Amino acid sequence: MPFSHVHTTAGNQPQKQYASCQFQNTSARGAFGDALAEVDWIVGNVVAKLTETNVLDNTLILFTGDNGPWLMHGTSGGSAGIHVGRYAGSWNTGKGSTWDGGIHDAAFAYWKGQITPGSRSSEVVSSLDLFPTASVLAGVALPTDRVYDGKDMSEVLLKDDGKSPHTVLFFYGGARPGEDMSVAGGALGAAHSVPSAARMGCWKAHLGHRPGDGTVHPWSR
């Protein structure tokens, strides 16, 4: 289920964050914290209903985000934490970029009797893996006449020492080296056709990146 909460909203909302009346001005983190508190409350209600209907033990719960913080909006946009990467020389290494502050999100997984409580993993997977993983866990065979972007990551979920199915993860939508994303035309579409960054284990290469303002930096690291 999607949440509009903690996404930067229109300027008519306090600090550009939405929270229901009962959660407004309830946290020390301001409007962002209020929105996050309501998300926590909603998730708690979902878990309570799963428990009430006796299906919690047979339900995998996954919680994650779609991108990093929109740093140009300050505290309203969230925090990139250790992934801020400002030393890279860009004003925005969060949402809109392929730096880790823009695409490296944490995830939580819960499945009673299947996932070890309190376990943690540093393996890197992709949200594209959700579809093939859910299919495998549900025992649904996928058609074999096509290529799937994601891979089965159930080993990472179910084994304390599970390994990522990816050798390399490619990231798109930043920029191709040398392209000016501010020029009208097909540059943005072209940037989605080839990788602009890639990760292999603890290594990451930036082939060309867009920091969120349309400027291209054809750097490699």
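Residues are numbered from 1 along each chain as its sequence is written, and side-chain values use heavy atoms, with hydrogens and water left out. Because the model is predicted, local features need pLDDT of at least 70 and side-chain atom pairs count only at pLDDT 80 or more, whereas totals for chains, interfaces and linings use all residues.

Helices (H or I, at least four residues) and strands (E, at least two) are DSSP runs, numbered from the N terminus. Strand 4 (residues 197-200) and strand 5 pair in the antiparallel sense over four bridges, where pairing requires that DSSP finds at least two bridges between two strands. The two strands form a hairpin with two residues between them. In the turn, G201 has a positive phi of about 65°. M200 stands opposite W203 in strand 5.

Strand 5 comprises residues 203-206, and its side chains alternate. Buried here means under 20% relative accessible area, exposed over 50%, and partly exposed in between (1.4 Å probe, protein chains only). In a regular strand the side chains alternate between the two faces of the sheet.

The structure holds five salt bridges, a salt bridge being a side-chain nitrogen of Lys or Arg within 4 Å of a carboxyl oxygen of Asp or Glu. One of them links D57 with K112, the closest N and O atoms being 3.8 Å apart. D57 lies in the loop between helix 1 (30-52) and strand 1 (61-64) and K112 in the loop between strand 2 (107-110) and helix 3 (130-137), so this pair ties together parts that are 55 residues apart in sequence. D57 counts as partly exposed because its relative accessibility is 48%. K112, at 47% relative accessibility, also counts as partly exposed.

A second salt bridge joins R199 and D100, with the closest N and O atoms 2.8 Å apart. Since R199 lies in strand 4 and D100 in helix 2 (residues 100-103), the pair ties together parts that are 99 residues apart in sequence. Both R199 and D100 are buried; for R199 the relative accessibility is 13%. The side chains of R199 and D100 also make a polar contact (2.8 Å), defined as a pair of N or O atoms within 3.5 Å; within protein, one must be able to donate a hydrogen and the other to accept it, and residues adjacent in sequence count only if both atoms are side-chain atoms. Leaving aside its neighbours within four places in sequence, R199 is in contact (heavy atoms within 4.5 Å) with D100, V124, T167, V168, L169, F171 and K204.

D100 forms a further salt bridge with K204, the closest N and O atoms being 2.7 Å apart. D100 lies in helix 2 and K204 in strand 5, so parts that are 104 residues apart in sequence are tied together by the pair. D100 and K204 are both buried. Through shared partners, salt bridges join D100, R199 and K204 into one network.

In helix 3, the buried residues are P132, T133 and S135. Seen down the axis of helix 3, these residues fall within an arc of 160°, so they line one face of the helix. The arc is that of the directions from the helix axis to the C-beta atoms. The buried residues of helix 3 pack against helix 4 (154-158). Helix 3 is followed by G139, whose phi is positive, near 75°.
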